[in-house]
Amino acid sequence: MTAAVRDPGLQPERTRLAWRRTTLSATVVALLAVRQALHSAATPGALVAVALSTLAWLGFLLVAHRRVVALGTARPPALAPRGALTAALCTVALAAFAAAMLF
């Protein structure tokens, strides 16, 4: 039985665009966290949350960049479980740090 031939262009392109949109969303969240910290009393806890948000954003950015580059090949490999876990943890961390800044 032969393997099904898939369209090599459209699916990786849609996935690459989805990674770019998600990276843009994470960037907006990180920038809003910085803005919130600068316009509030800027307590030490808020500054720590901003620093941790920045680290989580950079981690997500690294995973997304690697994935976008991998999707540019003719036969892109599947996303490694470690990359998926890192992206998920960075996303949850951004949400947690944003919530911590509000309290």
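Start with α1 against α2. From α1, the residues in this contact are Arg 16, Trp 19, Arg 20, Thr 22, Thr 23, Ala 26, Thr 27, Ala 30, Ala 33, Val 34 and Ala 37. Facing them from α2 are Val 50, Ser 53, Trp 57, Phe 60, Leu 61, Val 63, Ala 64, Arg 67 and Val 68. Contact here means heavy atoms within 4.5 Å. By class, the contact of α1 with α2 has 13 nonpolar, four polar and three charged residues. For the classes, Ala, Val, Leu, Ile, Met, Phe, Trp, Tyr, Cys and Pro count as nonpolar, Asp, Glu, Lys and Arg as charged, and the others, Gly among them, as polar.

A word on the model. It is predicted, with local features needing pLDDT of at least 70 and side-chain atom pairs counting only at pLDDT 80 or more, while totals for chains, interfaces and linings use all residues. Residues are numbered from 1 along each chain as its sequence is written, and side-chain values use heavy atoms, with hydrogens and water left out.

Helices are DSSP runs (H or I, at least four residues), numbered from the N terminus. Helix α1 covers residues 10-39. Helix α2 is residues 44-70, and helix α3 is residues 81-102.

Now the geometry. α1 and α2 pack at about 165°, axes 10 Å apart. Axes are lines fitted to C-alpha atoms, for helices over the stretch in contact, and angles run from 0 to 180 degrees between N-to-C directions. So α1 and α2 are roughly antiparallel. The cut-offs: under 35 degrees is roughly parallel, over 145 roughly antiparallel, 65 to 115 roughly perpendicular, and the rest oblique. The α1 and α2 crossing is left-handed. That term applies if the near helix is turned anticlockwise from the far one by less than a right angle; clockwise is right-handed.

Next pair: α2 with α3. Their angle is about 160°, and their axes lie 9 Å apart. α2 and α3 are therefore roughly antiparallel too. Their crossing is left-handed. How do the residues of this contact divide by class? There are 14 nonpolar, five polar and no charged. On the α2 side, they include Ala 46, Ala 49, Leu 52, Ala 56 and Gly 59. On the α3 side, they include Gly 83, Thr 86, Cys 90, Thr 91 and Phe 97.

α1 passes α3 in a left-handed crossing. α1 brings Trp 19, Ala 26, Val 29, Ala 33, Gln 36 and Ala 37; α3 brings Ala 87, Leu 94 and Met 101.

On to the cores. A nonpolar core is a set of buried Ala, Val, Leu, Ile, Met, Phe, Trp, Tyr and Cys residues joined through side-chain atoms within 4.5 Å. Buried means under 20% relative accessible area, exposed over 50%, partly exposed in between (1.4 Å probe, protein chains only). The largest nonpolar core has twelve residues, among them Trp 19, Phe 60, Val 68, Leu 71 and Cys 90. Which elements give two or more residues to this core? They are α1, α2 and α3. The largest share, five residues, comes from α2. Apart from this core lies another, of five residues, including Ala 37, Ala 49, Val 50 and Met 101.

Now some single residues. Ala 37 counts as buried, at 3% relative accessibility. Leaving aside neighbours within four places in sequence, Ala 37 touches Ala 42, Val 50 and Met 101. Ala 37 and Cys 90 are 53 residues apart in sequence, and their C-alpha atoms are 20 Å apart.

One step along, Leu 38 also sits in α1. Buried or exposed? Leu 38 is exposed, with a relative accessible area of 66%. From Leu 38 to Ala 80 is 42 residues in sequence and 37 Å in space, C-alpha to C-alpha.

In α2, look at Ser 53. Ser 53 is buried, with a relative accessible area of 3%. Beyond neighbours within four places in sequence, Ser 53 is in contact with Ala 33, Leu 94 and Phe 97.

Last, the loop between α2 and α3, where Arg 75 lies. Arg 75 is exposed, with a relative accessible area of 66%. Arg 75 and Thr 54 are 21 residues apart along the chain, with 33 Å between their C-alpha atoms.
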